[in-house]
Amino acid sequence: MEIREEAIRTFSEKIEAMEKEIGREIIGQKEIIRQVLITILAGGNALLEGVPGLGKTRLIRTIGHVLDLKFNRIQFTPDLMPADVVGTNIVTRDEAGNSRFEFQPGPVFSNIVLADEINRATPKTQSAMLEAMQEHTVTVGGVTRKLPEPYFVLATQNPLEQEGTYPLPEAQLDRFFFKLMVNFPSLEELHEIVNLTTSGEEQKAQKVTDGAGILELRAIAREVPIARGVQDYALRLVLATHPESEEAPGVTKKYVRYGSSPRGAQAIISAARIRALMEGRYNVSFQDIRYVAYPALRHRLFLNFEGIAEGRTPDDVLQEIIEGLSE
Amino acid sequence: MMKRYVDPELNKVLAPVRRRLILKSTIRMAALGLIAALMQGLIWLIVSFFIPIFAIEIKMAVTGGLIFIIACLVGLMMKPSMAKIAREADRQGLEERVLTAWELSGRDDVFARLQRQDAIEKLHSFDPKSIDIRISKEKWIAMGSLVLAMVISFLLPNPQDHAIQQQLQMKNTIKEEIEKLEEVEKELADDVELTDEEREEIQKVLQELAQKLKEIRGYREAIKEVTKSEEKLVNMLRKAQESRMADLGEKLSRQEVTQSLGQMVREMDEQGIMEEMEKLKEMVQGEKIDREVMEALQKALEEVAEQLPDSNLKSSMMEAADAIAADLSTGSELSARALEALEGQLTQMVQNPVSVSGNIMYMLQNMKGKIAQAAGQDISNLAWAEAGQQNNRDGDSGKGNGNSSDAENNGGQGSSVTGNQESQSSSGSGSGGEGNSASGEGQGNSNGNGSGGGIGGTSTGDGQGSGIGSGHVQYEKIYDPQRLGDGGEISQVSGNPGNEGDSEQINAGQGIGSFDGFIPYNEVFGEYKSHAMQNLERMDVPPNMRELVKNYFSSLEE
């Protein structure tokens, strides 16, 4: 795809317009909105962690609307089967009365899929999402089907009710481009939320772009230049999450069991490129790397027993690593 | 490494940043240089508490100044790399625009162009003064701490100050002594006793000594060098004297009348010289005067004297020749005395080959004492320390007194040449330790006879001497000008001139042997002490000062 100069120059304006429109329906959560957009533009999937009622579903629906993308929601439960997610072959009769198998697509066949409370489903069902998330394809009955582009899975999980849940395995977590922490809104934001949702007429977000537009933005973002020194910084940051690495600081050696996979490095660089454009820059900065490092690495960093016992979080450890890393 | 291409426009807009960074690195290096300079100063000060360091302030200032200047120069010469300039500009809010633009300098795609334009645009509005060139707080703290530590070190009493003062005093003394050496060197030009070669040799030795003294740091080395020079001079002068005597002997041998004397002079046989001179004296006095011999002798002396360079010997020889001529023409009897003086001159040359350089030797001896004194050391202690061994010596000195009785009546005139001593026997015992003290005692006896004779009368003189021998360590020799030439007292025998009477003269020789103006310290100590005590009694000296002087001599005796 040929990149137009005009498209590059207007990249940040488009993002700004998207954020503005989403912001009509979603109060606060600006960073979450931005990071979800980064994930979409990078072609990745996001895992949102937060208590119920924070507007996760609403966010996804709004994004789908603003980006003019098809949106599906799957509520994950323990009895959800893989076929319920990806679809299945069912027996149908044609006009002549002959029986035949026909593929009935599951809810994953959409541009945006909200996998709500993904950790409540069994690992078997969770793993049914793997191919869709990584390859953007679904294979049922020996036939592989492509999912529509752009394709984006946004999974959520509730950090509170852990009983009867199936925590996502490391391999599946690694498939998520970002893990986003949805915090409770502030008082002011709550006022606005209540006012918006309980009185008068709700403001409706307008469509800003479409699937093709997203794909063009995605292509532009892939071309953002990054200085060798900045890329080196990002990679050293990833290496610093590995306790056995020479780059690892004391905090990593003390609290980390496993560090980030190379997907973490890919996620950081891709996300930093998009963030740079969002900021109106045509190059990646160290600050971009630091900004995207938390959502890109927090679910790829596995604490050891000591870290968990001392109440450390991946974000704490990442912060210490970043603070100790020279540019 | 290949130099990366830099977009000219980018390079141009980065020039002020580059200049600012050069200024920054200069200031930074100057601060580091100052810290290093202060640190080295503090190290000097700390070390000075354990080792005496002369002129520490100058050393600190020079070394510190050099470090500071070098640091500033290094800072000025350190040209920042393009990567560093880019990084520094980016740190001031340009968010890696410059670094990326620099790396993309060779590219011309859409993104590279847009990115470069963006970077240049931002650089145009960039104020290089936003790059902080101030010295960091840590450096200020380090400098302040070092200055404080240095001030405290300066204020603390330094146990090495006394040693430094002494060293300083010693250096000043050495400087003064070098000046004296140079003066003596100049005075050598007027010394008629020395040949040009000898003068040059002495000057060379003195110049070498002066040079070494300038470079020397410790008093021990200085004293060693002075001693070495002394030894060199003594050896050199002894050889010169031998050669001079051989030459003189050769000249005298050519004359028939002084042939035998020439032989004795050549061999440096003191006794022989005296005997030969005695014979000559007999020829020019008494009843058996032979005018022909006297004329021959007068002529011989004249001829030899003419061949000699200007010196006391030449004067004595000329005087003797003139006296013989006077005796021949006027009948006076001056020849014997003149010959006697000549004999004295010749024997002294044999006995004391270095007497010609008495001033120099005295000065060198004195120099050692002064250097040691300035360094707070006792020269005698140094001598003991250097010797560190027992060394019995013969009781080889004594003091003799000569008495002579008048010739009965004949009014002759006589004199005994020197109160002489002759060491007859000696015994000694002593002990010495390894350290700087040793003691011992010795005994020596010397007896001498002196006699004087005059014409028409006889006179005899006996000299007896008893000496306290040194039966202990070899003391440092010191110069005693009072004793130059002899070791006894002169016995004068008066009488009336006449041609009668027998004259007998027995020369007992020199008691000390080859006394060259230098004698062991212990030999004069008693005399010096007694003089000091007498003077203390006579002079108006405060009681505490008397006590001080007494204690001083007591301590020397211990």
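Okay, bookkeeping. Residues are numbered from 1 along each chain as its sequence is written, chains are lettered from A and ligands numbered from 1 in the order in which they are written. Since the model is predicted, local features need pLDDT of at least 70 and side-chain atom pairs count only at pLDDT 80 or more, while totals for chains, interfaces and linings use all residues; side-chain values use heavy atoms, with hydrogens and water left out.

So, the interface. On the chain B side, 16 residues are in contact with 23 residues of chain A, contact being heavy atoms within 4.5 Å. About 1,600 Å² gets buried between them, and carbon and sulfur atoms give 63% of that. Buried area here is the accessible area (1.4 Å probe) that two parts lose on being put together, summed over both. Of what chain B buries against chain A, E96(B), F111(B) and L114(B) supply 40%, more than any other three residues.

What about charges? The rule finds two salt bridges across this interface, meaning a side-chain nitrogen of Lys or Arg within 4 Å of a carboxyl oxygen of Asp or Glu. One such pairing joins R281(A) to E95(B), at 3.4 Å, N to O.

Which helices do the touching? On chain B, α3 (82-94), α4 (97-103) and α5 (110-124) each supply at least two residues to that side, and α5(B) gives the most, with seven residues. Helices are DSSP runs (H or I, at least four residues), numbered from the N terminus.
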